[in-house]
Amino acid sequence: FVEFLDARKVVIGGDIRLSTEGIKQATIEGITDAGADVIDIGMTGTEEVYFATADMNADGGIEVTASHNPVNYNGMKMVREESKPISADTGLEDIRKIAEKGVFKPSDSKGQVSEAFDKQAYIQHLMTYIDAGSMKPLKIVFNPGNGSAGPVLDHIEAAFKLAQIPVEFIKLHHEPDGSFPNGVPNPMIIDNRAVTSDMVLAEQADLGIAFDGDFDRCFFFDEKGQFIEGYYLVGLLAKAFLEQDPTTKIVADPRVIWNTKDIVENDFGSQCVISKSGHAFIKEKMREVGNVAYGGEMSAHHYFQSFNYCDSGMIPWLLVIEQIAKTGKSLGELVQERIDAFPSSGEINRTVTDADAVIEAVEKHFSAQATDVLKIDGLSMSFEQWRFNLRKSNTEPLIRLNIESKADKALVEAKKEELLALIESI
């Protein structure tokens, strides 16, 4: 990592997993052996490393984390200067080759380690996303899932009190605990959602927010405890930025797009740019297109130009509560009209032996009917009243399917059955 970047200063943080500290200390030793200095910012979420890397003008940053993965997993998220991503296409393979060769450039001296992070600078940056004076009383259930988000929520709660923002924080599974006594923090697992939903109802809260382990994603529950698909949050956040600047462009992934495109292009007359899914691709596309305030994925990754084009799990909920305050509508009211206008299936996964053969067969089956075919990320096919995206997993022998329609929920269900029957017959 140091050799690839020719780094002199590296920020490092880590999540709450029990294996993280050992991996982090070994990583620090490797960085300092290579002659670079390390700024250890402690137990953090990934976005804190993103913030600190840019804020401290470091040459790179590493978060030791496995995010939402099972308890015995761990890994690293790496960025370069200005928190630009390092992906397989932009450096990971180069780093791998250097590591496998095992021959490193000698260093004249060992790097130094310091512990420093101005968390208040990060918190103050988060507070710039809301107008404190416009806030209305709200009761919010927060569920960090015993991951890394709890301490940051405590800091935000203190900042809210100082700014006299009338939001009540109801904390669930709040204390960081790497043994994950309440299960791995992954709200994408349907069985993990009930505890947040039930607490929203029990507390008669206005909304609920659950986080994954390193809180680079957040997940929303409305006032009825209903889980809101990340897709509809993309449209809601796009609207928030376009209201501030109707000329800004929005970047979105191709899995489900009609709702976002309708808001961006029909309501505001701006441009919705479609990018391949994945943080490195979205961030690269935002920089390439220019004048893109926000990018969003249905997987609950939300990217902000003013946050070094990085994804954050804290900024989205701050923007959402501001929308609730400004409109006087509940979260359910803010999204229900869009859910009705563009119902979607949610992501459906199927194990297959040959994903490429499946995609090819599906394309052939529907080619005569399609009005538009897009291959930015897997196969997207559009028809008069519905569309689908079919893509293979990068890491598992899975096919991932998403379907949406124009105001026809029954059509989504019918096409889901048709597509799944076709996929399973191949």
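Modeller: Buried means under 20% relative accessible area, exposed over 50% and partly exposed in between, using a 1.4 Å probe and protein chains only. By that rule Cys272 is buried, with a relative accessible area of 6%, and Cys310 also counts as buried, at 0% relative accessibility. The model is predicted, so local features need pLDDT of at least 70 and side-chain atom pairs count only at pLDDT 80 or more, whereas totals for chains, interfaces and linings use all residues. Residues are numbered from 1 along each chain as its sequence is written, and side-chain values use heavy atoms, with hydrogens and water left out.

Turning to the rings, those of Phe, Tyr and Trp (its six-membered ring) pair if their centres lie within 6.5 Å, and planes under 30 degrees apart count as stacked, over 60 as edge-to-face and the rest as tilted. The count under this rule is 20 aromatic pairs. In one of them, Phe142 and Phe169 have ring centres 4.7 Å apart and planes at 25 degrees, so the pair is stacked. Phe142 is buried at 0% relative accessibility, and Phe169 is buried with a relative accessible area of 9%. Elsewhere, ring pairs link Tyr129, Phe241, Tyr294 and Phe304 into a cluster.

As for the sulfurs, a disulfide is a pair of cysteine sulfur atoms within 2.5 Å, and the count by this rule is 0. Cys272 is in no disulfide, the nearest cysteine sulfur, that of Cys218, being 20 Å away; Cys310 is likewise in no disulfide, with the sulfur of Cys218 as the nearest, 15 Å away.
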